[in-house]
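Please walk through this structure with the model open beside the text.

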Amino acid sequence: MFGGDALVDVDLDDPTPDTGGTAVTNLDEYSDTARRGRLTASEIMVLEMVEVDDASYTRSRSLLLMNAEQKDDSKAVKRYLDQLMVLPENTYDSVLLSKEATWYVNTKRYQTALDKADKAERYWARIPSPLVFQTKADIYECQAASWQGLFYADGEDLDLLEHAITGWETYRRHVLTKNQTEEAKRAEAQIAKLEDVRKRLE
């Protein structure tokens, strides 16, 4: 994403909350394979057969999503995100929302991406502690890229331009808290590009 740099994958392999279903399918054996993007066709079929009323439904789709992400299969990523969002509780999951935002940025649907990222930010307090930093990084990056995409589509709206610059500055500050210098440099490059545009428009 953003010039070929994909967002770092977030580990979705965490315990699935009880959805009130009557069945619970044990999916532990698929975890490592899904994380490597090496699920076989038969394993994918088994995971896809987990019904929505099964308490392991979210985990099954999360494993399928991880596998699709590792294989850079955009269509499958969207399919499994859509299936995850069938459950109301998942529509407020910041990790999943940030992944939706990433997908929409990558497909240049910037307003939808921004809406998803903003919603993810509103509910970030629900993110499990180990996932907070990366999820917030994904959210900030999607917001910055969405504002930038909206500005490029318009070409003249200085408010969109300012939002884009501010977004990349927020992302840069965040990644530097973990000394992620490569990510910070990428943000700085976008900021410099946008500031140059601002000088020419003023």
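Predicted model: local features only at pLDDT ≥ 70, side-chain atom pairs only at ≥ 80, totals over all residues.

Residues are numbered from 1 along each chain as its sequence is written, and side-chain values use heavy atoms, with hydrogens and water left out.

The chain has nine helices and zero strands. Helices here are DSSP runs of H or I with at least four residues, strands are runs of E with at least two, and both are numbered from the N terminus. Along the sequence the pattern reads α-α-α-α-α-α-α-α-α. Of the 202 residues, 46% count as buried. Buried means under 20% relative accessible area, exposed means over 50%, and partly exposed lies in between, with a 1.4 Å probe and protein chains only. Contact means heavy atoms within 4.5 Å. Among contacts with a separation of 6 or more, 64% join residues 24 or more positions apart. The accessible surface comes to about 10600 Å², and 49% of that belongs to carbon and sulfur atoms. These areas come from the Shrake-Rupley method with a 1.4 Å probe; for residues, only the protein chains shown count as cover.

Start with helix α3, residues 57-70. Its 14 residues should span 20 Å at 1.5 Å a residue, and its end C-alpha atoms are 20 Å apart, which agrees. The expected span is 1.5 Å times one less than the number of residues. How many of the 14 residues of α3 are buried? The count is 13, so α3 is largely enclosed by the rest of the structure. Just after α3, Asp 72 takes a positive phi of about 55°.

Next comes the partner of α3. Helix α4 (residues 74-84) packs on α3 at an angle of about 165°, with the axes 9 Å apart. That makes α3 roughly antiparallel to α4. Axes are lines fitted to C-alpha atoms, for helices over the stretch in contact, and angles run from 0 to 180 degrees between N-to-C directions. Angles under 35 degrees count as roughly parallel, over 145 as roughly antiparallel, 65 to 115 as roughly perpendicular, and the rest as oblique. The crossing of α3 and α4 is left-handed. A crossing is left-handed if the near helix is turned anticlockwise from the far one by less than a right angle, and right-handed if clockwise. On the α3 side, the contact includes Tyr 57, Arg 61, Leu 64, Leu 65 and Ala 68. On the α4 side, it includes Val 77, Tyr 80, Leu 81 and Leu 84. An α-helix has 3.6 residues a turn, so residues three or four places apart point the same way.

Now move to α5 and α6. They pack at about 165°, with their axes 8 Å apart. They are therefore roughly antiparallel to each other. This crossing of α5 and α6 is left-handed. Among the α5 residues that meet α6 are Leu 97, Ser 98, Ala 101 and Tyr 104. Ser 98 is buried, with a relative accessible area of 0%. Leaving aside neighbours within four places in sequence, Ser 98 contacts Ala 120, Thr 135, Asp 138, Ile 139 and Cys 142.

The loop between α5 and α6 holds Lys 108. Its phi is near 65°, a positive value in a residue other than glycine. Lys 108 is exposed, at 62% relative accessible area. Most residues other than glycine have a negative phi.

The axes of α6 and α7 come within 9 Å and cross at roughly 150°. That makes α6 roughly antiparallel to α7. The crossing of α6 and α7 is left-handed. Gln 143 lies in α7, residues 132-154. Is Gln 143 buried or exposed? At 10% relative accessibility, Gln 143 counts as buried. Not counting residues up to four places away in sequence, Gln 143 touches Leu 114, Ala 117, Asp 118 and Glu 121.

Asn 179 lies in the loop between α8 (158-176) and α9. Its phi is near 55°, again positive in a residue other than glycine. Asn 179 counts as exposed, at 65% relative accessibility. Glu 202 sits in the segment after α9 (181-201). Glu 202 is exposed, with a relative accessible area of 66%. The C-alpha atoms of Glu 202 and Leu 158 are separated by 8.9 Å, although the two residues are 44 residues apart along the chain.
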